[in-house]
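Thanks for coming. I will go through some packing details of one model, and you can follow along on the screen.

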Amino acid sequence: MNNTLIGQRVPKLDAPSKAAGKTTYGHDVRLPGMLHGRILYSRYPHARIIRLDTSRAEKLRGVKCVLTPKDNPSHQFGYGKDNRPFKEIARSLRDEIAGVVATDPDIAEEALALIEVDYGLLPNVFSPREALLEGAPLIHPERGSNLFQRYNYSHGDLSQGERESDVVVEAKYLLPYVSHVCMETSVVVAQFDHRDRLTLWSTTQIPFLLQRDLSEALGIPGSNVRIIQTAVGGAFGRGLDIYPYEPIAALMSRKTGQPVRLAFSREEEFFAGPARQPAEVTVRAGAKSDGTLTFRDVSCMLDVGAYISWGTVTPLVMMETTASLYQVPHARFVADCVYTNNLITGAMRGYGNPQSTFFIETMMDRLAEELKMDPVDFRILNANLPNTETPQGLIITSCGLKECLEAVAASADSAKGNTTRMKDESGMMNVSDSLHPFDFAQDKPSSFIHHPSKKRGIGFASTLNVGGGARIYRSDGCGATVKVDDFGHVTLITGSTEIGQGSETVLAQIVAQALGVKIEDVTVLNSDTDIKPWDVGVHASRTTFIAGNAAHLAALDARNQILETAAEALKVEAASLLTREGQVYVRDEPGKSIPIEQVARRRHFREGGKVILGEGWYDPPTKLVDKDTYKGNISAAYGFGAQMAEVEVDTETGKVRVLRLACANDVGHAINPMAVEGQIEGGAQMGLGYALTEELIVKDGKVLNPDLLDYRLFTAADMPAIETFIIETDDPGGPFGAKGVGEMGGTPTAAAIANAIYDAVGIRMTQVPMTPERVLAALDEKAKETL
């Protein structure tokens with residue numbers, strides 16, 4: 001078998017098409033007779049619609065129809081079964097009141113202004129804490145409470161853990177709304193055909209679940225729904241649910257009898273799309289004097305907005321970080337998911353892990369300081385180990401957490417060629433006085449000049465993430481078929497979804513490796529629910545592990561068929577054969593071979609002939625967590641990582657500049673190291689934004705910064721030097737030992753930066769983003785305390 005493809009730096013297969021501008025994204029879809037839809041949103045965050053007059057809009061030239069709540073199907077949809085396409089009661093400013101379909105998007109927009117709406121105002125509630133008070137306005141009165149769900153997890157005995165503790169630390173955290181800010185805004189094209197069958201061109205991450213959800217939302221059979229995924233210009237969790245614009249587009253197409261395109265503006269994307277949930281968090285943690293952890297106690301309040309999405313499941317991941325990152329004998333995690341009149345929230349890359357890693361890993365540094373221990377040594381002492389089970393029930397097979405920490409610590413130590421993790425008299429790590437400006441960011445001249453107001457520090461943080469799927473649905477499986485045609489060309493049809501992460505390339509490498517063909521001989525098809533087998537969707541860093549195993553099984557099935565027919569042709573035993581470079585060889589007689597394409601024709605063109613078609617299905621040996629205890633092994637493998645951030649803090653302006661970021665990740669085995677590095681670096685960019693600049697500012701239910709001028713993304717000009725370390729532990733369950741890595745790149749970044757800020761200037765940041773204003777306020781508070 002060819003042994004050269006696994007571990008190779010193979011460029012993305014779709015890169016040339018994207019670079020040449022030939023890729024068809026959702027916004028590029030155009031169909032004959034296509035119309036354009038626009039949505040009228042509520043003027044008030046909580047109001048009853050008293051009168052809705054669409055007559056003037058309907059008379060505008062070019063308008064084909066106007067839809068209102070009268071056009072709603074009778075079914076509610078969404079994870080909480082609390083949503084409808086159009087609302088008779090608006091529960092937020094992003095609620096859809098009516099929709100217009102016209103021949104041109106500008107005409108549709110003009111028609112929106114002609115719709116007359118009279119509102120009956122209802123009392124608002126924008127704070128989740130106030131929403132739980134007696135007498136608070138109910139967002140969904142039929143539920144009887146604004147508390148959608150309480151997660152209540154514990155293991156061990158918390159009171160015992162506190163008694164055993166020699167040091168205890170406590171802190172409160174405020175975590176913000178964050179937007180996905182995909183380069184491509186939300187878009188969908190819907191078309192009903194003459195058989196009343198719906199086809200949806202979509203940028204979803206969950207084509208088969210969306211097929212089911214649309215079936216329920218529209219009241220039509222699932223067999224009458226076809227999802228075609230276009231190329232996706234960014235997702236990051238945005239496409240992990242059904243949102244009203246999708247059934248609205250379908251209703252528009254059904255009413256007009258023509259295909260309808262519905263595309264969000266950038267402003268619409270900010271206020272009508274989902275966002276990461278804001279949270280208020282209180283954390284207590286303890287340790288013994290020898291450095292071993294004793295307990296963690298976490299309480300969270302999450303604002304989920306007016307409707308429930310899959311994002312409400314993020315406490316499961318926050319719980320995982322709390323209970324299972326490091327060896328923690330006693331733990332409790334409580335989270336309330338609360339309705340308010342704010343915007344809708346949803347899943348976002350990391351799925352709760354950036355939030356929980358921020359508060360857990362900054363607490364680890366507080367404990368290390370109280371214990372006068374080096375923060376890296378403290379983490380290594382308590383690190384997870386391979387072939388263990390956590391009290392939460394996570395079965396950890398491969399684990400490179402210790403190696404990740406050692407890698408980033410060595411990176412910090414090598415900055416000057418000697419140790420920089422120095423301690424002051426209290427035992428606290430401090431590099432502010434030991435690092436010379438010349439040693440960092442040599443590509444940025446400003447860093448050569450010493451400024452008395454600029455202080456430097458380093459910080460560390462670790463992370464734990466599912467790396468082998470995450471069973472939050474009945475099946476976590478994926479199907480695949482591998483066809484070898486009469487010319488030796490291989491087609492992989494996979495249920496998995498490509499959203500820019502490079503899964504097509506990795507799966508092609510796996511199939512080519514298993515069959516012994518060149519990667520350029522493999523085509524990957526994955527965009528049409530009418531063609532591809534089932535898959536739960538792209539999330540939870542699962543595609544390489546789950547879809548990779550399925551593709552590998554299908555390729556091995558096809559390979560067995562090739563070897564069976566080749567053995568007949570070469571008159572040898574199949575066990576004596578190997579495949580390489582598109583040929584089948586006799587192992588001990590290298591001069592005796594037959595091309596795979598010839599084998600395919602030989603198997604096909606004969607009486608009783610067959611095509612070479614391999615099948616694979618992989619559903620990991622995991623279980624849904626227990627609905628009462630939240631315990632269980634949710635993933636078939638777990639990834640680990642660590643980061644080291646070097647920062648410069650300007651004590652006059654409060655500005656924090658990250659000079660260097662070292663990222664180490666346990667990926668099992670890197671099938672494509674270049675793709676792994678891309679995922680880590682892309683994740684780090686999102687983590688840097690979460691740490692320092694990104695916040696969707698919401699006041700009284702209204703987004704105040706719905707544009708790219710005031711919502712501050714971390715740009716290429718802001719990026720520090722990033723050093724990546726790929727730690728390989730060869731997971732026994734993954735394809736060729738691989739584990740998922742898609743989310744880990746950004747989860748520990750904010751915590752590492754916060755810890756570095758403390759190392760530099762001695763302030764503990766508990767709110768992100770850590771803007772200059774907040775850093776200055778913390779410095780002022782510290783100054784007052786020292787007076």
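A convention comes first: a crossing is called left-handed if the near helix is turned anticlockwise from the far one by less than a right angle, and right-handed if clockwise. The model is a predicted one, where local features need pLDDT of at least 70, side-chain atom pairs count only at pLDDT 80 or more, and totals for chains, interfaces and linings use all residues. Residues are numbered from 1 along each chain as its sequence is written, and side-chain values use heavy atoms, with hydrogens and water left out.

Helices (H or I, at least four residues) and strands (E, at least two) are DSSP runs, numbered from the N terminus. Axes are lines fitted to C-alpha atoms, for helices over the stretch in contact, with angles from 0 to 180 degrees between N-to-C directions.

Now the helix pair. Helix H16 (residues 673-692) and helix H17 (residues 749-761) have axes that come within 8 Å and cross at roughly 50°. The two, H16 and H17, are therefore oblique to each other; the scheme is under 35 degrees roughly parallel, over 145 roughly antiparallel, 65 to 115 roughly perpendicular, and the rest oblique. The crossing of H16 and H17 is right-handed. Contact means heavy atoms within 4.5 Å, and on the H16 side it includes Ala 684, Gly 687 and Leu 688, while H17 contributes Thr 749, Ala 750 and Ile 753.

Next, the sheets, where two strands pair if DSSP finds at least two bridges between them. E8 runs antiparallel to strand E15 (residues 279-287), and nine bridges join them. In that pairing, Val 169 is opposite Ala 285 in E15.

Another open sheet has three strands in the order E4-E2-E6, paired antiparallel. Strand E2 (residues 47-53) is joined to E4 by two bridges, and Arg 48 has Ile 89 in E4 as its bridge partner.

Last, aromatics: how many pairs does a search of the whole structure find? The count is 13 aromatic pairs, where rings of Phe, Tyr and Trp (its six-membered ring) pair if their centres lie within 6.5 Å, and planes under 30 degrees apart are stacked, over 60 edge-to-face, the rest tilted. Tyr 41 and Phe 271 have ring centres 5.1 Å apart and planes at 80°, so this pair is edge-to-face.
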